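Please read this report alongside the sequence and the model. It takes up a few local features in turn.

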Amino acid sequence: MHGPWVDTHCHLQLDDRPTDELLARAEPHLAWLVAPGIDAESSERSVELASRYPAVVATAGLHPHDAARWEVERGRIEALIPQVCAVGETGLDYYRNLAPVQDQRRSFLDQIDLALAADLPVIVHCRDAFSDIYEILSNSPVRAILHCWTGGPRWTKRFLEIETVTFSYAGPVAFVTGDTVRMGAALVPPDRCLVETDTPYLAPPPHRQEQNEPAFVRYVGAALGDVWGISVDEVATVTANNAARVFGR
Ligand SMILES: [Zn+2]
């Protein structure tokens, strides 16, 4: 890989297409990518991919949708910590509420503790849970990446006060319906931002109807360039530098 972009959230291991093909298409655009785990199995596959492909960075964690399984999954996830660059994807999802709120909070707080103990950042999924996540992160020294950040101006301003927080933008900042997300992004200094695809979900225009892939991260970056009034090359440089710093690469 030698392109300028870093895709900081790309579930390669959840994509049904051949990994070699996806990476070959991303090659001209991408320097490296992060393949977040969402449970023990996908975290183990993330570590496996990272050992096979030098451009892949591994994480280990349990998604809020599966938080009821935390006690069952945690042993396998903890065992991977020495081999990963971040803990997560964890967080809170009060939109789909697929796990009881108490389980989501327990799993999230425990994963924050794991991240702190290993001096790693935590990747945070935040859906309709702004105020609980704000309360948790503003009272913790953990370095947090707000994955697929969709906050508007009000919440973006508040989270900006937490100096350990980095905002990761995905397809929604490029959507026709993304005005609120763009109004939030306009308030964030570029050196607090990352870009991601969230492959295989949330493809940005002009590929909205397709399955997402890491090669498309540049469309997310272009949307941010429009918001900030800077060139797409500048967005690539600043977000790649931020990614190297945040993930310790
Ligand atoms: Zn994800």
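Which residues does Ala144 touch, not counting residues up to four places away in sequence? The answer is given under the second heading, after a note on the model.

## Basis of the model

This is a predicted model, in which local features need pLDDT of at least 70, side-chain atom pairs count only at pLDDT 80 or more, and totals for chains, interfaces and linings use all residues. Residues are numbered from 1 along each chain as its sequence is written, and side-chain values use heavy atoms, with hydrogens and water left out.

## Surroundings of Ala144

Ala144 touches Val122, Val124, Leu137, Thr164, Val165 and Thr166, once residues up to four places away in sequence are set aside; contact here means heavy atoms within 4.5 Å. Ala144 belongs to strand β6 (residues 144-147), where helices (H or I, at least four residues) and strands (E, at least two) are DSSP runs, numbered from the N terminus.

With a relative accessible area of 1%, Ala144 is buried, a class that means under 20% relative accessible area, whereas exposed means over 50% and partly exposed lies in between (1.4 Å probe, protein chains only). Ala144 and Ala115, 29 residues apart in sequence, are 9.6 Å apart in space, C-alpha to C-alpha.

## The zinc site

The zinc ion has His9 (NE2), His11 (NE2) and Glu89 (OE) as its protein donors, at 2.1 to 2.2 Å. Donors are N, O and S atoms within 2.8 Å of the metal (3.2 Å for Na, K and Ca), and sites may look incomplete because water is not among the atoms.

Along the sequence, the spacing of the donor residues is H-x1-H-x77-E.

## Packing of helix α3

Helix α2 (residues 40-52) packs with α3 at an angle of about 15°, their axes being 9 Å apart; axes are lines fitted to C-alpha atoms, for helices over the stretch in contact, and angles run from 0 to 180 degrees between N-to-C directions. Helices α2 and α3 are therefore roughly parallel to each other, since angles under 35 degrees count as roughly parallel, over 145 as roughly antiparallel, 65 to 115 as roughly perpendicular and the rest as oblique. The contact involves Ala40, Glu41, Ser43, Glu44 and Val47 of α2 together with Glu73, Arg76, Ile77 and Leu80 of α3, and by class it has 4 nonpolar, 1 polar and 4 charged residues. In this classification Ala, Val, Leu, Ile, Met, Phe, Trp, Tyr, Cys and Pro count as nonpolar, Asp, Glu, Lys and Arg as charged, and the others, Gly among them, as polar.

The axes of α3 (residues 70-80) and α4 (residues 101-118) come within 12 Å and cross at roughly 15°, so these helices too are roughly parallel to each other. Their contact is made by Trp70, Glu71, Arg74 and Glu78 of α3 and by Ser107, Asp110, Gln111 and Leu114 of α4, a set of 2 nonpolar, 2 polar and 4 charged residues.

## Backbone features in loops

The peptide bond from Thr199 to Pro200 is cis, with omega near 5°, and Pro200 is found in the loop between β8 (193-195) and α8 (217-228). The bond from Pro205 to Pro206 is likewise cis, with omega near 5°, and Pro206 lies in the loop between β8 and α8.
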